[in-house]
Amino acid sequence: MPDVELDPVIHAQSRLRVVATLAALGTGDQIAFPKLQKLLDMTAGNLSTHLRKLEDAEYVTVTKTHEGRTPATYISLTPRGRRAFEVYTESLSTLLRGAGS
């Protein structure tokens, strides 16, 4: 069995879903918080908690702005986050191939 470590920041199910969704966007693209929340079917509080953990790891950028008088929050995957997700998926693939041996 290969000795593989999975990134604990990404490995939590909710954070994995967040990062996988953001990784599907183009490099540098962002998504509005409410749209991400709806796609993932998460409460605002739960999504915020997981985004904070990802932001602390510098995997995502959270940009708060205003559109007119309305506050708006956008989320994007950082280059570091994209690379961490690539390493995570490579590690998971290695682990799964080893489990089949």
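**Exercise 1. Which residues have the most contacts inside the largest nonpolar core, and how many residues does this core have?**

*Solution.* The model is predicted, so local features need pLDDT of at least 70 and side-chain atom pairs count only at pLDDT 80 or more, while totals for chains, interfaces and linings use all residues. Residues are numbered from 1 along each chain as its sequence is written, and side-chain values use heavy atoms, with hydrogens and water left out.

Step 1. A nonpolar core is a set of buried Ala, Val, Leu, Ile, Met, Phe, Trp, Tyr and Cys residues joined through side-chain atoms within 4.5 Å. Buried means under 20% relative accessible area, exposed over 50%, and partly exposed in between (1.4 Å probe, protein chains only).

Step 2. The largest such core has 23 residues, and Val-18, Leu-47 and Ile-75 have the most contacts inside it.

Step 3. Two or more residues each come from helices H1 (8-11), H2 (13-23), H3 (33-40), H4 (44-56) and H5 (79-99), and from strand E3 (70-77). The most, four residues, is given by H2.

Step 4. Contact means heavy atoms within 4.5 Å. Beyond its neighbours within four places in sequence, Val-18 contacts Leu-36, Leu-40, Met-42, Leu-47, Leu-51 and Leu-54.

**Exercise 2. Describe the secondary structure of the chain and the span annotated in UniProt.**

*Solution.* Step 1. Helices (H or I, at least four residues) and strands (E, at least two) are DSSP runs, numbered from the N terminus. The chain has five helices and three strands, in the order α-α-β-α-α-β-β-α along the sequence.

Step 2. Along the principal axes, the C-alpha atoms fill a box of roughly 60 × 25 × 20 Å. Of the 101 residues in the chain, 36% are buried. Among contacts between residues at least 6 apart in sequence, 55% join residues at least 24 apart.

Step 3. An unreviewed UniProt entry carries the annotation "domain: Winged helix DNA-binding" for residues 15-95; such annotations may be inferred rather than shown by experiment. This span is 58% helix and 22% strand, and its end C-alpha atoms lie 20 Å apart.

**Exercise 3. Are Thr-73 and Asp-7 buried or exposed, and what does each contact?**

*Solution.* Step 1. Thr-73 is found in strand E3. Thr-73 counts as buried because its relative accessibility is 19%. Not counting residues up to four places away in sequence, Thr-73 touches Ile-31, Ala-32, Phe-33, Val-62, Thr-63 and Lys-64.

Step 2. Asp-7 belongs to the segment before H1. Asp-7 counts as buried because its relative accessibility is 19%.

Step 3. With neighbours within four places in sequence left aside, Asp-7 contacts Tyr-59, Ala-84 and Tyr-88. Asp-7 and Phe-85 are 78 residues apart in sequence, yet 8.7 Å apart in space from C-alpha to C-alpha.

**Exercise 4. Where do Asp-41 and Glu-58 lie, and what is the phi of each?**

*Solution.* Step 1. Most residues other than glycine have a negative phi.

Step 2. Asp-41 lies in the loop between H3 and H4 and has a positive phi of about 50°. Asp-41 is exposed because its relative accessible area is 72%.

Step 3. Glu-58 lies in the loop between H4 and strand E2 (60-67) and has a positive phi of about 65°. Glu-58 is partly exposed because its relative accessible area is 46%.
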